[in-house]
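Here's a quick tour of a two-chain model, meant to be read with the coordinates open. Grab your viewer and follow along.

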Amino acid sequence: MSRNYRILYLDITISLILIGLATAVLLAAKEIPPPFFDPIGSAAFPKYTAYLIIFLALVIGVRSILLSRLLAPESKRGFKLEPLLATYTVGVPALYVFSMNLGWASFRIATTLFIFALAALLSRFDKRVLIVSAIIAPVFGFGGQYLFTEVFYMDLPQ
Amino acid sequence: MEALEALQHVLSPYPFLWIFVGVASGIFVGAIPGLGGGMLMALTVPLTFSMDSTNAVLLLMGMHVGSVSGGLISATLLKMPGTPSAMMTTFDGYPMAQQGKPGKALSLGVGASLFGGVISGIFLIALAPPLSHFAHKFGPWEYFTMVLMALVLIASISQGSLLKGLMSATLGLLAAMPGLNESDGQLRLTFGFDSMGDGFNLLPVLLGIFVMSQIIKDALEINKKGVGIKMGKGEEIFPKFNEWKQHLFNIIRSSCIGTWVGILPGIGASISSMVAYGIAKTFSKTPRKFGTGHDEGIVAAESANNANAGGALIPLITIGIPGAPVDAILLGAMIMHQIQPGPLLFQTNGDLVWSLMIGYIVANIVMFLVMVFSARHIAKAVNINRAYLIPIVFVFCLIGAYAATNRMFDVWVVIGFGLVGFFLDRARFPLGPFVIGYVLAGIMEAELRSGLQMSEGSFLPMITRPIAATFTIVALVFLGYSIFQEWRARRNLPPPESTAE
């Protein structure tokens, strides 16, 4: 049985990313003016939070490497993970938001296309899902536009 | 007197309708694995902008109560908890259902949930007013050390390592810092982007962490399915009083545990049910039956997780600190409705507070009735295809994030924090501390800076003022104890087996 190195790699990757983020915060905090009315000013909290993140990230990363020999075997899940579908769940919504942000499509059209497209991808183009989502998509797109703007008085991207 | 007036108000048509809608939708969503009360509440907050504040809070509170109980349905019939708080219920609920008694399992769970909720409601009404009065003595150092204690508590008690819990809490603090600092009006950490002038708003962050990260995870685990058990036509869910007499002590004990764990800031229902289950097993005459479909296991878990909801309202109402991560959404909703939870809440919005407390008990009774009469029907809908749900849920996220400020930036914040929450969860960083850290960062910094102004830069009041010193000591004790527990656990690990790699 193989050890669960996935957690080790994730811990090290996240530690490195967090150290980078904290460094960026420290650089940005240098531009905050010094305190005027109170002893610590606006820069102190971000600075000390960043120092704490760097400290914890180093400890987590180093500990993961030192304790890698104690990693438990990867437990059996009983089902297959679908990273490609997870990627679609980020990519397709991003495209949906982008299209409205740039004014390519209104909420009604973009939502109808989005719901149909993502449902089709997540179901791997299952015929039943395609038929049902072809009905649901315009209901949410056009019906949702009416419901949220005329009944709940909320603004939507136009 | 206020209680009777509140009862009269809560039972009037509109407030009661919102409680009913909240509980029913909470039960339905809570029963579907992969969704949850937090998600439903976060998505509903923007819809409450045009509502009366009291009705909005009753609706959201009803959703919370309903979703905690709804998780029982899928935990019992699918061996998949609809909400994390129902995890312990799967240990005995599903085996009992497998033995041909799903109705009995649900009946025990529903009844225990009712008792747990009502008992914690009584504690809520009894403790909140005096605690609120006591909290008037809090100054900046008391608030700062209490928030510090809350963060350490949730980091040390959350599942996963203490280090990762502390990191998660610290990241939550950092996420709240960009934008305009309220203490002195200073813009910071905007990295040159105009959109960052307002920082990351509360609702998009909550939608990202609670909703977006969950739907990414649901897509990743789309093949995960529970092994379903169907209920027979003649099976009743209505609990019989004779079956309940023997469980009375377990119910009261587990409800007290759930309530008191809920009072500890930042600790959620899943911890309550775990503690109550463990104690019920320890003191049971038949501990070996736990995990095989034992009545006592279901009763302990369900009483505690429902009681936790009432207990968690106590610090939220009296000091303005969420008792559980999901209560951060309730806190956010109150702030958006211009209501500031804290010691002055009884004076500024006394009607709302009493309506919330009485409404909580009414919501538990409504939950019981809805579950008894509709659980079997809800069970049929539990296996909705994720391919339909995921896109629809994201559309609601977009609407919710956009509606508050009319900025697409907030929608991008939802996606961004969704990715952050997803990867943190995959790396086993608990998300509860992140949410609590984010919500409490503003109070923590503001109170620290006020305190330092008063003490002329000295940190000594953290240990010289009695209440502040108590919170500081509790935080240090929990930190030390958690470090000791982790060290002992690693020491007791078996040597690694040699593997063929």
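Before we start on the details: a residue counts as buried here if 20 or more other C-beta atoms lie within 10 Å of its own. Keep in mind too that this is a predicted model.

**A residue in chain A**

With that cut-off in hand, take Met100(A): it has 22 other C-beta atoms within 10 Å, so it is buried. You'll find Met100(A) in helix H3 of chain A. Leaving out residues up to four places away in sequence, Met100(A) touches Ala105(A), Phe107(A), Ala110(A) and Pro157(A).

**Where the chains meet**

The contact draws 60 residues from chain A and 58 residues from chain B. On the chain A side, helices H1 (5-29), H2 (44-66), H3 (83-101), H4 (107-122) and H5 (127-151) each supply at least two residues. H3(A) gives the largest share of that side, 10 residues. Here's how the side of chain A that touches chain B splits by class:

| Class, side of chain A touching chain B | Count |
|---|---|
| Nonpolar | 44 residues |
| Polar | 9 residues |

**Chain B as a whole**

Chain B has 21 helices and 2 strands. Its radius of gyration is 22 Å, close to the 23 Å the globule rule gives for 501 residues, so chain B is as compact as a globular protein of that length. Along the principal axes, the C-alpha atoms of chain B fill a box of roughly 70 × 70 × 45 Å. Buried residues account for 61% of the 501 residues in chain B. Looking at contacts in chain B between residues at least 6 apart in sequence, 79% join residues at least 24 apart.

**One helix up close**

How far apart are the end C-alpha atoms of helix H5 (residues 87-98) of chain B? They are 17 Å apart, and at 1.5 Å a residue the 12 residues should span 16 Å, so the two agree.

H5(B) is mostly covered, with 10 of its 12 residues buried. Among them are Met88(B), Phe91(B), Asp92(B), Tyr94(B) and Met96(B). What does the covering? The cover over these buried residues of H5(B) includes helices H4 (53-77), H6 (102-135), H12 (269-283) and H13 (295-318) of chain B. After H5(B) comes Gly100(B), which has a positive phi, near 90°.

Methods
Residues numbered from 1 in each chain as written. Chains lettered and ligands numbered in written order. Predicted model: local features only at pLDDT ≥ 70, side-chain atom pairs only at ≥ 80, totals over all residues. Contact = placed C-beta atoms within 7 Å. Helix = DSSP H or I, 4+ residues; strand = E, 2+ residues; numbered from the N terminus. Nonpolar A, V, L, I, M, F, W, Y, C, P; charged D, E, K, R; others polar. Rg over C-alpha atoms; globule rule 2.2 N^0.38 Å. Expected span 1.5 Å × (residues − 1).
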